[in-house]
Amino acid sequence: MTTVPMSTIARKVGQFAKQSQYSIIALLFLSVWPSCALAQEAHSHTPQQQELTAEQKSRASVLLKIVREATERFKDVSAAESEGYSLQFGCVSGPDSGAMGLHYVNGDLVKKGVLDATRPQIVIYEAQPNGRLRLIGADYLLIQAAWDAKYSSPPELMGQLFHLFEAPNRFGLPAFYTLHVWAWKENPNGAFVNWHPNVSCEPFNGQNP
C-alpha cells in the first residue's frame with residue numbers, strides 16, 4: 001500500500017475545514033487517517049439482525065431504491081467530485097470484518113447535519129484491480145452532539161436506526177451517528193450494517209484514481 005503524501009492530506013484538510021463550524025472536527029477527522037485506516041469495532045453499537053416484518057422489508061426496499069436513484073449518477077466518481085465529494089482518508093478496512101471501502105465525503109453536507117435520504121454525506125466506492133472505482137453504497141454521518149442538541153432521540157431513516165460510534169474512538173472523532181446503505185453491492189449481513197465482508201482494500205494503491 002502507498003502512503004498518501006502529507007501535502008495531499010494537508011490540502012484535503014484545508015478544503016474540508018474551510019468555512020465550517022466543525023473545522024476542529026474536520027481536522028481531527030482527516031489528520032488521524034493513514035492511507036488504509038483500521039476502523040474501530042469495540043465502540044460501535046450495531047443492532048442485532050432480526051427477522052423483519054413485511055412492513056419493515058417494504059420500507060427497507062424503498063430506502064434502497066431511493067439511495068440508488070439519488071446516487072446513480074455517482075457511478076462515475078468524477079460526477080461525485082464535481083458536486084463536492086472527495087476522498088478524505090483512504091480505504092477503511094477492519095482486520096476481521098471486511099471493509100467499508102473508500103469514503104468520498106461532502107464537507108458541506110456534514111457541516112449542515114441534515115438527514116435527507118436523497119443527499120448522503122458520503123458516497124462509498126471500492127477500488128477495482130483495473131484501477132477503477134465501483135460505487136457500492138452511501139453513508140449518512142451526523143455528529144452526535146449537534147444532532148442531540150436539536151432532537152430528543154437518535155436519528156432514524158425510514159425505520160433504520162443509526163449506529164452510534166462513541167468517543168473516544170480510533171477515529172479521533174467526537175461521538176457520531178452513522179448509517180451505511182449498501183445499495184450497489186449486496187451485503188450478506190444486511191443492507192444497513194457497518195461492515196461489508198465482501199469489500200476489500202487490497203486493490204487500493206493510496207492514490208486518487
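Mentor: Let us begin with contact, which means heavy atoms within 4.5 Å. By that criterion, among contacts in the protein chain between residues at least 6 apart in sequence, 61% join residues at least 24 apart. Please keep in mind throughout that this is a predicted model.

Trainee: What are the numbers of helices and strands in the protein chain, and what percentage of its residues count as buried?

Mentor: The protein chain has six helices and 10 strands, and 48% of its 209 residues count as buried.

Trainee: Why is Thr71 called buried?

Mentor: The cut-off for buried is under 20% relative accessible area, and Thr71 has a value of 1%, so Thr71 is called buried. Its place is in helix α3, which spans residues 54-71, and, leaving aside residues up to four places away in sequence, Thr71 touches Pro120, Val123, Leu135, Ala138 and Trp184.

Trainee: Why does Lys65 count as partly exposed?

Mentor: Exposed requires over 50% and buried under 20%, with partly exposed in between; Lys65 has 48% relative accessibility, and therefore counts as partly exposed.

Trainee: How do you know that the span of α3 is close to what is expected?

Mentor: The helix has 18 residues and reaches 26 Å from its first C-alpha to its last, and the value expected at 1.5 Å a residue is 26 Å.

Trainee: Which residues of α3 are buried, and what puts them on the same side of the helix?

Mentor: The buried residues are Ala60, Leu63, Leu64, Val67, Ala70 and Thr71. They cover an arc of only 130 degrees around the axis, and therefore they lie on the same side of α3. An α-helix has 3.6 residues a turn, so residues three or four places apart point the same way. On the other side of α3, Ala54, Glu55 and Glu69 are exposed, whereas the buried residues of the helix pack against β5, β6, β7, β8 and β10.

Trainee: What makes a group of residues a nonpolar core, and how many residues has the largest one?

Mentor: The members must be buried, of the nonpolar kinds that are counted, and joined through side-chain atoms within 4.5 Å. The largest such core has 34 residues, and those with the most contacts inside it are Phe74, Tyr85, Leu102, Tyr104, Val123, Tyr125 and Leu133. At least two residues of this core come from each of α4, β3, β4, α5, β5 and β6. Another core, of 19 residues, lies apart from it, and Ala175, Leu179, Ala191 and Phe192 are among its members.

Trainee: How do you know that β3 and β5 are mostly covered?

Mentor: In β3, nine of its nine residues are buried, and in β5, six of its six residues are buried. From β5, Ile122, Ile124 and Glu126 point one way and Val123, Tyr125 and Ala127 the other way, and all are buried.

Trainee: Why is the link between Cys91 and Cys201 called a disulfide, and why is it called left-handed?

Mentor: The sulfur atoms must be within 2.5 Å, and here the S to S distance is 1.9 Å, which meets the cut-off. The torsion about the S-S bond is about -80 degrees, so the disulfide is left-handed. Cys91 lies in strand β3 and Cys201 in the segment after β10, so the pair ties together parts that are 110 residues apart in sequence. Both Cys91 and Cys201 are buried, and the count by this rule comes to one disulfide.

Technical notes:
Residues numbered from 1 in each chain as written. Predicted model: local features only at pLDDT ≥ 70, side-chain atom pairs only at ≥ 80, totals over all residues. Heavy atoms only, no water. Helix = DSSP H or I, 4+ residues; strand = E, 2+ residues; numbered from the N terminus. Buried < 20%, exposed > 50% of the residue type's maximum accessible area, 1.4 Å probe, protein only. Expected span 1.5 Å × (residues − 1). Arc of directions from axis to C-beta.
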